[in-house]
Protein chains: 2
Amino acid sequence: MKKPFIFITNDDGVNARGLKAVTEVALRFGRVVVIAPETTQSGMAHAVTMYSPLYLRTVEKRGDLTVYACSGTPVDCVKMGYDHIFAGERPALNISGINHGSNSAVSILYSGTMGAAIEASFYGAPSVGLSLTDHSPDADFEASALFAEKIISDMLTANINEPVCLNVNIPVGRPDQIRGYRVCRQNRGYWKEEFYCRKDPRGKDYFWLTGDFYNQEPDATDTDEWALANGYISVVPVQVDMTNYRQIDSVKAILK
Amino acid sequence: MKKPFIFITNDDGVNARGLKAVTEVALRFGRVVVIAPETTQSGMAHAVTMYSPLYLRTVEKRGDLTVYACSGTPVDCVKMGYDHIFAGERPALNISGINHGSNSAVSILYSGTMGAAIEASFYGAPSVGLSLTDHSPDADFEASALFAEKIISDMLTANINEPVCLNVNIPVGRPDQIRGYRVCRQNRGYWKEEFYCRKDPRGKDYFWLTGDFYNQEPDATDTDEWALANGYISVVPVQVDMTNYRQIDSVKAILK
């Protein structure tokens with residue numbers, strides 16, 4: 001049987017440990033093509049590069065693995081794969097991650113990891129965005145890798161007949177501390193920022209963005225935030241219809 | 001009566017004609033603060049700047065108008081406004097645009113205009129993203145400005161008690177060719193890219209991204225694509241819960 005073809009990207013860049021961890025796992029299942037950004041692209045959401053050209057670099061070829069670095073965003077990496085490198089061959093599975101840091105709740109909107117996972121799902125194969133709720137570059141990926149292996153196995157063996165894109169967040173912890181999956185919904189809430197203002201060496205103010213998440217439904221138990229806070233891996237199936245159907249009639253009443 | 005406070009941003013940058021057109025319109029209604037990117041940020045989606053500091057520059061102060069330029073993304077501009085410049089004062093209305101180019105259907109995901117409109121709506125006041133389906137820098141904004149005036153008037157006078165974010169796209173045409181509003185839903189479809197490959201002066205390949213939109217429901221008549229193709233202004237109420245509720249059970253069956 002032909003080995004399944006797995007595509008991997010991320011937003012932390014081609015050298016990130018989370019990317020390497022999931023790549024090693026994926027190689028147990030099939031051929032792997034990695035196309036990851038040259039540089040960190042955290043917070044790049046669904047951005048595409050429109051006003052500068054993209055460069056592509058072959059980083060590594062060994063056995064079943066080929067790794068490319070692309071000068072653009074995570075979504076650029078996906079498009080570069082599907083519309084250039086793959087030459088018509090279609091992956092059986094798309095993986096984005098493992099991200100250093102959570103992408104639960106509204107963070108999905110800002111997330112380059114999820115931007116890439118969503119974009120990849122447009123091309124037909126199932127997509128999984130994987131994030132560990134630990135931002136540090138030296139985060140412990142042992143449990144994440146173990147569950148990533150289980151998810152890849154489940155996704156490759158399932159009979160999936162429609163577009164699927166999963167936002168998977170893994171809580172920090174040893175493997176035996178993680179209580180399994182919770183398929184759940186996106187928690188409502190938003191990020192409120194604080195700006196650190198400093199002066200540059202020329203006396204000009206500059207600002208650093210830093211924020212806190214405000215949970216608008218702290219008591220809900222069917223959300224990704226609840227799952228993560230209670231030791232579960234949160235799994236949110238994602239769709240991209242942003243229409244607020246509930247408001248169609250009220251908006252008709254506003255616009256005369 | 002105190003003049004209403006209107007916040008305006010965009011993704012084409014502080015010098016874009018579409019921004020200036022809507023700013024002049026908004027000044028007929030109240031005080032206006034513009035915070036727009038220094039440079040073009042088309043395709044920047046919901047991106048935030050995480051790994052470089054932001055600079056802010058006062059561009060203009062005259063009468064009821066203050067204009068700032070921010071070195072970051074459209075979403076950075078929104079956060080800079082709400083979490084720094086406004087100092088607790090809350091706009092009555094947020095406007096993003098008028099964008100040079102359509103943001104209908106799945107383009108909402110890639111759109112810096114809509115990234116900013118969505119982000120602004122998180123802070124409570126209604127948001128309107130305005131786009132003209134003409135990419136050219138010298139697009140004719142006469143009809144757009146006319147309808148923007150009507151939308152601003154409708155939004156300021158309506159009694160709106162919940163978060164509202166509208167994705168408004170205006171077809172190209174003279175004012176009398178535009179048939180009015182259609183409140184509708186986001187059309188299903190995706191962008192398929194083609195990469196133009198060229199060689200730089202050092203002999204290295206580089207790529208330009210260019211794409212076509214594939215409409216997955218060309219026969220639907222309740223979508224933004226249909227509205228625009230038939231001379232209407234499309235108005236899609238937007239929400240940010242990306243959960244695919246329909247798939248929660250099927251995903252539970254996949255992940256064992």
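**View 1. Helices α2(B) and α4(B) pack roughly parallel to each other.** Their angle is about 25° and their axes lie 8 Å apart; angles under 35 degrees count as roughly parallel, over 145 as roughly antiparallel, 65 to 115 as roughly perpendicular and the rest as oblique. This is a predicted model, in which local features need pLDDT of at least 70 and side-chain atom pairs count only at pLDDT 80 or more, while totals for chains, interfaces and linings use all residues. Residues are numbered from 1 along each chain as its sequence is written, chains are lettered from A and ligands numbered from 1 in the order in which they are written, and side-chain values use heavy atoms, with hydrogens and water left out. Axes are lines fitted to C-alpha atoms, for helices over the stretch in contact, and angles run from 0 to 180 degrees between N-to-C directions. Helix α2(B) passes α4(B) in a right-handed crossing, that is, the near helix is turned clockwise from the far one by less than a right angle. On the α2(B) side the contact (heavy atoms within 4.5 Å) involves B:P74, B:V75, B:V78, B:K79 and B:Y82, which meet B:G112, B:G115, B:A116, B:E119 and B:A120 of α4(B). By class, this contact of α2(B) with α4(B) comprises six nonpolar, two polar and two charged residues. Ala, Val, Leu, Ile, Met, Phe, Trp, Tyr, Cys and Pro count as nonpolar, Asp, Glu, Lys and Arg as charged, and the others, Gly among them, as polar.

**View 2. Helix α4(B), residues 112–121, is largely enclosed by the rest of the structure, because 10 of its 10 residues are buried.** Buried means under 20% relative accessible area, exposed over 50%, and partly exposed in between, with a 1.4 Å probe and protein chains only. The buried residues of α4(B) include B:M114, B:A117, B:I118 and B:S121, as well as B:G115 and B:E119, and the latter two also take part in the contact with α2(B). At the N-terminal end, B:S111 caps α4(B), with a side-chain oxygen 3.2 Å from the backbone nitrogen of B:T113. Helices (H or I, at least four residues) and strands (E, at least two) are DSSP runs, numbered from the N terminus.

**View 3. Helix α2(B), residues 74–85, has 10 of its 12 residues buried, so it is largely enclosed by the rest of the structure.** Among the buried residues are B:C77, B:M80, B:G81 and B:D83. B:D76, also in α2 of chain B, is buried with a relative accessible area of 0%. Leaving aside neighbours within four places in sequence, B:D76 is in contact with A:L209, B:V48, B:T49, B:L54 and B:C70. B:D76 and B:T49 are 27 residues apart in sequence, yet their C-alpha atoms are 6.8 Å apart in space.

**View 4. Two alanines take a positive phi, B:A87 and A:A105.** Most residues other than glycine have a negative phi. In chain A, phi of A:A105 is near 50°, and the residue lies in the loop between β5 and α3 (107–110). B:A87 is exposed, with a relative accessible area of 70%, whereas A:A105 is buried at 1%.

**View 5. Cis peptide bonds join A:G97 to A:I98 and B:G97 to B:I98.** Most peptide bonds are trans. Omega is near -5° for the bond from A:G97 to A:I98 and about -10° for that between B:G97 and B:I98. A:I98 is placed in strand β5 (residues 93–100) of chain A, and B:I98 in strand β5 (residues 93–100) of chain B.

**View 6. Helix α1(B), residues 17–26, packs against helix α5(B), residues 142–157, at an angle of about 45° with the axes 9 Å apart.** That angle makes α1(B) oblique to α5(B). The crossing of α1(B) past α5(B) is right-handed. B:V22, B:V25 and B:A26 of α1(B) and B:A145, B:A148, B:E149 and B:I152 of α5(B) make the contact. The contact of α1(B) with α5(B) has six nonpolar, no polar and one charged residues.

**View 7. A:Q41 occupies the loop between β2 (31–37) and β3 (56–62) of chain A.** A:Q41 counts as buried at 10% relative accessibility. Not counting residues up to four places away in sequence, A:Q41 touches A:D11, A:G72, A:T73, A:P74 and A:G112.

Technical notes:
A polar contact is a pair of N or O atoms within 3.5 Å; within protein, one must be able to donate a hydrogen and the other to accept it, and residues adjacent in sequence count only if both atoms are side-chain atoms.
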